[in-house]
Amino acid sequence: MFHGTIIEELTNHREWSHYNENIIEDQKDFVFVKFSGLHLKSMENLQSCISLRVCIFSNNFITDIRPLQSCIKLIKLDLHGNQIKSLPGTKFWSGLKNLKLLYLHDNGFAKLKNVCMLSACPSLIALTMFDCPVSLKKGYRHVLVNSIWTLKALDHHVISDEEIIQNWHLPERFKTCNHRLLFNFCSALKKGSTYEDEIDNIKHIISKVNEILAHNSPVLIIQRWTRGFLVRKKVSHLFLYKKREKSISECEKRWIYKHKGFDDKLFKELFFQPGTNITEKFARWKYGKKKLWVNFH
């Protein structure tokens with residue numbers, strides 16, 4: 001690289017312009033940038049890094065992150081330990097469609113309304129804002145959790161169902177900031193980590209967050225059991241017919257099939273159609289079974 005003072009004669013030289021063009025072309029292919037603790041004040045040199053996926057600019061003196069607007073392929077952005085006091089608008093964040101991990105702790109954010117701009121980020125999974133003035137505000141966690149709908153982890157804890165569903169009081173193991181939901185997803189990697197190391201770490205973090213939710217979210221647990229029940233119910237008659245094929249008469253088979261049809265129809269109407277009158281459906285289902293029984297005998 002060129003060092004020293006760039007004078008006008010040098011910048012007008014043909015070789016300098018050729019060198020500068022090559023640098024810009026090379027930057028387009030950058031996928032990983034790590035400049036930590038280097039007292040940097042600007043990110044303008046990243047404007048041409050359109051392929052950038054992992055950006056680590058921690059522990060510097062950055063105040064403006066708008067130059068990252070062209071880095072639309074970002075997956076992880078680490079800006080902790082800087083002097084950022086405000087975030088760009090929703091247009092900036094809506095352009096970062098692949099951004100999943102965002103580390104903003106230890107900065108100067110003070111306005112909760114400004115931080116809510118992150119709600120425009122369509123794929124954000126994990127966010128850190130601790131050690132910022134805004135994290136001391138009343139209702140800080142509640143507002144962020146219910147503003148950024150895609151968010152699964154905030155600061156040191158995975159988000160609980162109790163934080164999302166209003167007035168739902170859960171047992172101790174499912175409560176907000178329970179030790180089961182504790183997960184430090186912003187731990188620093190070893191010095192000299194490569195792009196592959198960073199990608200593996202991102203995959204590990206996302207997988208771990210999903211695993212914690214799968215075991216500590218009542219909503220997900222109920223959904224999993226319901227899906228399992230419906231699938232087993234859907235295929236159970238196939239095994240039943242195969243096992244008892246020789247002992248069941250043709251007439252009984254037709255009756256069981258009709259009986260099953262009423263069950264399936266009832267479950268579809270109850271689970272998949274909003275505003276169902278449950279009492280009325282059960283009454284009709286019971287009447288249908290009785291009618292079938294009379295016809296059969």
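Among contacts in the chain between residues at least 6 apart in sequence, what percentage join residues at least 24 apart? The share is 52%, where contact means heavy atoms within 4.5 Å. This is a predicted model, in which local features need pLDDT of at least 70 and side-chain atom pairs count only at pLDDT 80 or more, whereas totals for chains, interfaces and linings use all residues. Residues are numbered from 1 along each chain as its sequence is written, and side-chain values use heavy atoms, with hydrogens and water left out.

**The whole chain**

Of the 297 residues in the chain, 36% are buried, the term buried standing for under 20% relative accessible area, exposed for over 50%, and partly exposed for what lies in between (1.4 Å probe, protein chains only).

**The sheet**

Two strands are taken to pair if DSSP finds at least two bridges between them. Strand β5 (residues 126-128) and strand β6 (residues 153-154) pair in the parallel sense over two bridges, and A126 stands opposite A153 in β6.

Move on to D155, in the loop between β6 and β7, which has a positive phi of about 60° although it is not a glycine. Most residues other than glycine have a negative phi. D155 counts as buried because its relative accessibility is 9%. For another positive phi, select C177 in the loop between α6 and α7, a residue other than glycine whose phi is near 60°; C177 is partly exposed, with a relative accessible area of 39%.

**The helix across the sheet**

Within α7, pick E198, which is buried, with a relative accessible area of 1%. Leaving aside neighbours within four places in sequence, E198 is in contact with F32, V54, I56, K76, L189 and S193.

From there, go to I75 in the loop between β2 and β3, a residue that counts as buried because its relative accessible area is 18%. Not counting residues up to four places away in sequence, I75 touches R53, N98, L99, K100, L101 and I202. I75 and N98 are 23 residues apart in sequence, yet 5.3 Å apart in space, C-alpha to C-alpha.

**The second largest pocket**

Finally, select W149, L151, I159, D161 and I164, the closest to the centre of the second largest pocket among the 16 residues that line it. About 290 Å³ of space lies in this pocket. On a 1 Å grid over the protein atoms alone, a pocket is an open set of points with protein on both sides within 12 Å along at least five of seven lines, and lining residues have an atom within 4 Å of a point. The elements giving two or more residues to the lining are α5 (140-147), α6 (161-164) and α8 (218-243), and α8 gives the most, with three residues.

Technical notes:
Helices (H or I, at least four residues) and strands (E, at least two) are DSSP runs, numbered from the N terminus. On a 1 Å grid over the protein atoms alone, a cavity is a set of points where a 1.4 Å probe fits but cannot get out, and a pocket is an open set with protein on both sides within 12 Å along at least five of seven lines; lining residues have an atom within 4 Å of a point. Grid points are joined across faces, edges and corners, and a volume is the space filled by probe spheres set on the points.
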